[in-house]
Amino acid sequence: MSGDRPDHPLTGPNAHLVVTGGAGFIGSAFVRDILARHDGTTITVLDKLTYAGNRANLAPVELDPEQAARLRFVAGDIADPAIVGSVIGSAVDGESGAAADMPFGPVDAVVNFAAESHVDRSILDPEAFLRTGVIGVHVLLEAVRAAGRPIRYLQVSTDEVYGSVESGRSVESDPLAPRSPYSAAKAAGELLVQSYVVTYGLDAVVTRGSNTYGPYHHPEKLIPLFVTNAIDDKPLPLYGDGLQERDWLYVSDHAGAIEHVLRNGASGETYNIPGSAEMANRDVVAALLDRLGKPWSLVRTVPDRPGHDRRYALDGSKLAALGWRNRTSFVEGLATTVDWYRTNEPWWRAARSGDWDTYYERQYGSRLAHGRAAAEISAATEA
Ligand code: NAD
Ligand code: DAU
């Protein structure tokens, strides 16, 4: 089926995307950014609404009648063949509650953001990571294969599939060496996608994005956890020596790069999406505290994440050759992000509900009890 694409671009008038995981952090940015262009694209979001999924992330769309008319929301699991088949295989699905007069045509592309996305939770409870990351991807691929017409598939993957990169930058042809249940499930999902390209001729592309940050990021992750804890003057649990390095990618840049690959990527190819700021965790924390006007004394150094990847770094030449550039500097993106959390307290306080207290105690209770003031560690590091 590769090469047999619809005769219109995959976004724009008459285009219909299925966005799985579209109520999460990056998926919702992708949906918001595309629908806000008012270019006629229609989107079906299929999302299980796990603890990380939140319909409020789509509120800016749902508050605008023109955008809302081009969004269909289906609550469901990508590992459920019945719901996936009904969403991908038919133009309008009665069971999902979509009205018959909605402007949705046949599906042109599936963009799969759905995943359990937090490394620490994958260490505590790996099973859901495998179910969504492997079985879920398989169910999506089967539905695309069964649709009987050309549907492009994009798998949103991660730089973590390369494992820890002590020096240099990962290129797309490097071997996969995942080291956590999360990244192993992501690697398995990617490999399944490639197998469907080779075996069944599916039209599919893969992206490997870098550490992403921005508004609507669940407060379990480093930047939003530390910003929201700091707002409340609570301790900030920095793992190990805090010298692990990540390359930070602003969320709308990540979403834009995914759309660029969806429209321009060659079937069977994988594209790294690097960030714009390779930084040690300590420096990220110092920057966010500076923006908040909060003291370093909030930082506690705590026992490390098991198997903690020391460094990720991506070579972005292949994506650059496809014509994509990041737009947002870390200074600008962090300022926007910190200010968003300051002005959107109801959003992040609601996200710290459900199993939040249980999770927080499991993940941080003992760590914080064994933590030390970061100043002591600075002295130890310098000694
Ligand atoms: P997230 O946890 O914020 O959102 C995940 C979404 O998927 C949620 O809305 C959740 O409800 C939904 N979901 C989970 N399991 C599902 C299932 N079985 N069926 C349907 N929906 C399900 O994650 P995110 O940070 O937005 O990440 C999105 C994707 O990008 C993931 O595939 C992740 O691996 C990848 N990624 C993330 C980053 C990052 O830094 N956040 C970087 C690179 C790649
Ligand atoms: O690199 C891409 C990946 O980035 C994505 O695939 C994942 O979905 C996403 O969650 C993210 O994974 P990380 O493990 O890098 O992100 P996290 O925010 O959990 O941690 C960033 C760094 O901060 C990491 O070195 C661990 C450290 N950290 C994190 C938390 C939550 C701390 O020191 N303390 C913490 O409490």
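## Surroundings of ligand 2

In this predicted model, ligand 2 is surrounded by 25 residues, the closest being Asp159, Tyr182, Asn211, Arg305 and Tyr364. By class, this shell divides into ten nonpolar, eight polar and seven charged residues.

One pair, at 2.6 Å, involves an N or O atom in the side chain of Asn211. In another, an N or O atom in the side chain of Asn281 lies 2.9 Å from a ligand oxygen.

## Surroundings of ligand 1

Ligand 1 has 29 residues around it, and the closest are Ile26, Asp47, Ser117, Tyr182 and Lys186. The shell around ligand 1 comprises eleven nonpolar, 14 polar and four charged residues. Tyr182 is listed among the closest residues for ligand 1 and also for ligand 2.

The side chain of Tyr182 places an N or O atom 2.6 Å from an oxygen atom of ligand 1. For Asp47, an N or O atom of the side chain is 2.6 Å from an oxygen atom of ligand 1. On its own ligand 1 has 830 Å² of accessible area, and the protein covers 97% of that. Two or more residues of the shell come from each of helix H1 (25-35), strand S5 (152-158), helix H7 (181-200) and strand S7 (211-213). Strand S5 gives the most, with three residues.

## The protein chain as a whole

The secondary structure of the protein chain consists of 15 helices and 13 strands. Its C-alpha trace spans about 65 × 45 × 35 Å along the principal axes. The radius of gyration is 21 Å, which agrees with the value near 21 Å for a compact globule of 383 residues.

Of these 383 residues, 55% count as buried. Contacts between residues at least 6 apart in sequence join residues at least 24 apart in 83% of cases. The accessible surface of the chain is about 14,800 Å², and carbon and sulfur atoms account for 54% of that area.

Methods: Residues numbered from 1 in each chain as written. Chains lettered and ligands numbered in written order. Predicted model: local features only at pLDDT ≥ 70, side-chain atom pairs only at ≥ 80, totals over all residues. Heavy atoms only, no water. Near = heavy atom within 4 Å. Polar contact = N/O pair within 3.5 Å; in protein donor to acceptor, adjacent residues only side chain to side chain. Nonpolar A, V, L, I, M, F, W, Y, C, P; charged D, E, K, R; others polar. Areas by Shrake-Rupley, 256 points an atom, 1.4 Å probe, with all protein chains shown as cover. Helix = DSSP H or I, 4+ residues; strand = E, 2+ residues; numbered from the N terminus. Rg over C-alpha atoms; globule rule 2.2 N^0.38 Å. Buried < 20%, exposed > 50% of the residue type's maximum accessible area, 1.4 Å probe, protein only. Contact = heavy atoms within 4.5 Å.
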